[in-house]
Each structure stands twice: as structure tokens, then as C-alpha cells.
There are 2 protein chains.
Amino acid sequence: MKPPQNPVHGCTEAAQNGRDIARMKDEMNKFHGPEGSCEAVSDMLSRIGDKWTVLIVSYLGNGPMRFNELKRGIGNISQKMLTSTLRNLERDGLISRTVTPTRPPSVEYALTEMGHCLLVPVSNLAAWAVDNRERIAAARSSYDARTPE
Amino acid sequence: MKPPQNPVHGCTEAAQNGRDIARMKDEMNKFHGPEGSCEAVSDMLSRIGDKWTVLIVSYLGNGPMRFNELKRGIGNISQKMLTSTLRNLERDGLISRTVTPTRPPSVEYALTEMGHCLLVPVSNLAAWAVDNRERIAAARSSYDARTPE
DNA sequence: CGGCATCCTGCGGGATACTG
DNA sequence: CAGTATCCCGCAGGATGCCG
């Protein structure tokens with residue numbers, strides 16, 4: 001029996017008010033506490049939060065892809081950004097780059113084990129974003145409605 | 001019996017290769033599929049991935065705080081960025097702003113229920129970042145060592 | 001104390017053109 | 001096909017100064 005579909009993101013204000021919050025605080029304290037790790041987290045989040053990283057990682061979650069395959073899939077990304085984002089991901093050990101010297105040569109990108117690993121928390125966050133999209137939209141229009149007074 | 005300390009981030013290549021990956025793919029597909037939600041996720045991630053949002057949210061995870069309290073806690077944030085990030089979070093319904101009209105007035109910021117809710121997936125991601133910090137650092141120096149050839 | 005307004009800079013990131 | 005190189009623009013975001 002594995003973690004039962006756990007509703008990490010459902011969070012309809014019931015489930016979370018107990019244990020999870022406590023565990024989470026611990027995480028967060030170990031995270032502000034020893035000065036260093038805080039920066040590490042901040043760092044990772046700006047890497048991940050950049051305009052393309054998560055898109056690419058999530059596309060590669062469906063299996064290895066070639067350069068232009070990715071480009072077409074994502075659609076509106078420039079070669080420059082695709083290249084540099086892929087480079088950074090490779091540098092961080094999150095994806096692998098395999099060149100097959102045919103002519104013209106083809107290059108395959110794939111998630112590494114660590115890349116797949118990252119996909120887990122990221123997809124949780126993504127799920128949260130999807131699930132709370134409407135609430136946020138509502139909060140925004142509500143806020144906008146009562147501020148420009 | 002609740003989710004057993006689930007090793008969301010430990011991911012020592014064992015636990016994840018089965019079900020979780022599959023579930024995750026589903027998440028990701030529902031996420032690329034219906035055109036709209038993909039943007040929503042991308043949006044949220046750039047919000048969250050910006051330089052300060054997560055820091056602030058995580059500080060507020062320890063309880064309500066006042067403006068300068070936050071500023072001191074974080075340390076190197078400018079007033080401008082603190083103000084605007086707080087404003088955005090308030091607009092999105094993730095934090096509340098309460099003015100107590102003493103003199104000089106004091107303003108308290110606190111996470112809303114949705115804010116706490118966000119903290120859960122975020123702390124998972126943070127945990128991942130902490131746990132994989134060294135592997136990433138290693139990957140980077142390895143990469144840097146063999147590229148500038 | 002908790003802000004807004006202003007000025008100024010760096011760099012993220014798009015468009016375009018050229019190579020192996 | 002899979003890049004590299006160059007140019008150029010916008011805006012995130014720091015520094016500084018003023019207000020209730």
C-alpha cells in the first residue's frame with residue numbers, strides 16, 4: 001500500500017491544519033536556519049521558475065526528445081532560449097544530451113534520474129496551480145475591483 | 001496511518017520508478033493538454049520563482065509578521081521589492097494585510113488558508129532543493145571541468 | 001513605521017543571420 | 001538539423017528621497 005493518492009493540493013482547508021503543517025514548518029526552519037540552504041532553495045526556485053525550465057522538463061517527462069521536436073512542442077520558444085535552458089539543465093545534471101552523428105546529426109535530450117526526481121515535486125506544484133487557478137483569478141479580480149477606488 | 005513520511009524528495013532512484021511516475025505523467029499531460037492550464041502553471045511558477053515570493057511565504061509560515069520584521073528577517077531585500085511582492089501575494093489571495101492604526105501604525109501580514117496550502121507543495125520542492133544541492137553542485141563542477149576544454 | 005515616486009542599470013530574452 | 005554569434009529592447013529590481 002503506497003501513499004494513497006495523497007491530496008497534496010486538494011487542501012480544502014481540512015486535511016492540512018494538523019500534522020502536515022507541522023512537518024512543513026520543520027522543513028522550512030531547517031531551510032531558513034543554517035544560512036546556506038536558504039540560498040540553495042532560492043537559487044533552485046529561480047532556476048525552476050524561469051520562463052522555460054519547467055516546460056522543458058515536463059515535456060521531457062514524456063520521454064526523450066530531439067531538439068526541434070521540443071521546439072515544435074513548446075511552440076513559441078526561441079532557439080536561443082531553448083539551447084541555453086537545455087544547457088543549464090544539462091549542467092545541473094537534470095537532463096542528458098546524446099549526439100548521434102548521422103548527417104545531419106541528431107541530438108536527443110532526456111531526463112536523468114535526478115531530472116525525473118525533480119518532476120515529482122514540480123508536478124505537485126503544477127497540480128496546485130491548476131487546482132487553485134480559479135481561486136486566484138477570483139482573488140485578483142476581487143482585489144482589483146476594490147482597490148482602484 | 002497517514003502517508004509514511006513519504007520520501008517525495010529522497011528519490012534514491014528506488015521508490016519513484018513505479019506508480020508515482022505514472023501519476024505524475026498524468027498530471028503533466030492534463031497540464032500540457034488543454035492549452036489553458038499550461039499557461040496557468042507557467043504563470044504561477046514565474047510568480048513563485050521570482051526572487052522573493054517563496055522566501056516571504058516561508059517566513060510567514062512561522063506566523064504573522066510585520067513589515068520591518070519581515071524586512072529584517074530576510075535581510076537583503078529592498079523596501080520596494082518587499083512591498084510589491086507583498087502586494088502581489090495579497091492580490092492573489094495568498095496573504096492578508098491587516099492595518100492596526102496605532103501611531104505610528106503597524107501592519108501585519110499573514111498567510112491565508114490558500115497561502116498555507118501553497119506552502120505544502122513549495123516545502124516539498126524546497127526539501128528537494130536541499131536534498132539535491134550537493135548532487136547539483138557536483139554535476140555543475142563536473143560539467144564545468146569537462147567543457148572549457 | 002510603512003510605504004509610494006523617481007531615477008538608473010543589468011540582463012533576460014526575442015529577432016535575425018551565419019555555420020558544420 | 002542543431003546549434004553559435006550579434007544586436008537590441010524592455011523591465012525586474014536596486015538606491016535614494018519624500019510622505020502620513
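Ala, Val, Leu, Ile, Met, Phe, Trp, Tyr, Cys and Pro are classed here as nonpolar, Asp, Glu, Lys and Arg as charged, and the others, Gly among them, as polar. The structure is a predicted model, in which local features need pLDDT of at least 70, side-chain atom pairs count only at pLDDT 80 or more, and totals for chains, interfaces and linings use all residues. Residues are numbered from 1 along each chain as its sequence is written, chains are lettered from A and ligands numbered from 1 in the order in which they are written, and side-chain values use heavy atoms, with hydrogens and water left out.

**View 1. The surface near DNA strand C.** Around DNA strand C lie 17 residues, a residue being near a strand if one of its heavy atoms lies within 4 Å of it. The closest are A:K51, A:K80, B:R87, B:R97 and B:Y109. Of the atoms of DNA strand C that come within 4 Å of the protein, 72% belong to sugar and phosphate. By class, this surface divides into seven nonpolar, four polar and six charged residues.

**View 2. Phosphate contacts of DNA strand C.** Polar contacts are pairs of N or O atoms within 3.5 Å; within protein, one atom must be able to donate a hydrogen and the other to accept it, and residues adjacent in sequence count only if both atoms are side-chain atoms. For B:R66, an N or O atom of the side chain lies 3.0 Å from a phosphate oxygen of DNA strand C. Two or more residues of the surface come from each of α5 of chain A and α4 (67-74), α5 and β3 (106-111) of chain B; helices (H or I, at least four residues) and strands (E, at least two) are DSSP runs, numbered from the N terminus.

**View 3. Contacts with DNA strand D.** The 18 residues around DNA strand D include A:R97, A:Y109, B:K51, B:K80 and B:M81, which come nearest. Sugar or phosphate supplies 73% of the atoms of DNA strand D within 4 Å of the protein, and bases supply the rest. A polar side-chain atom of A:Y109 lies 2.4 Å from a phosphate oxygen, whereas the side chain of B:K80 places an N or O atom 2.4 Å from a base oxygen. A polar backbone atom of A:V107 is 3.4 Å from a phosphate oxygen of DNA strand D. The surface has seven nonpolar, five polar and six charged residues.

**View 4. The sheet of chain A.** Three strands form an open sheet in the order β1-β3-β2, with antiparallel pairing. Because β1 (65-66) and β2 (95-100) stand at the edges with a single partner strand each, one side of each is left without a neighbour in the sheet. Six bridges join β2(A) and β3 (residues 106-111) of chain A in the antiparallel sense, and strands count as paired if DSSP finds at least two bridges between them. A:S96 stands opposite A:A110 in β3(A).

**View 5. A salt bridge between chains.** A:R91 and B:D144 form a salt bridge, with their closest N and O atoms 2.4 Å apart. This pair crosses from helix α5 of chain A to helix α6 (residues 113-146) of chain B. A salt bridge is a side-chain nitrogen of Lys or Arg within 4 Å of a carboxyl oxygen of Asp or Glu.
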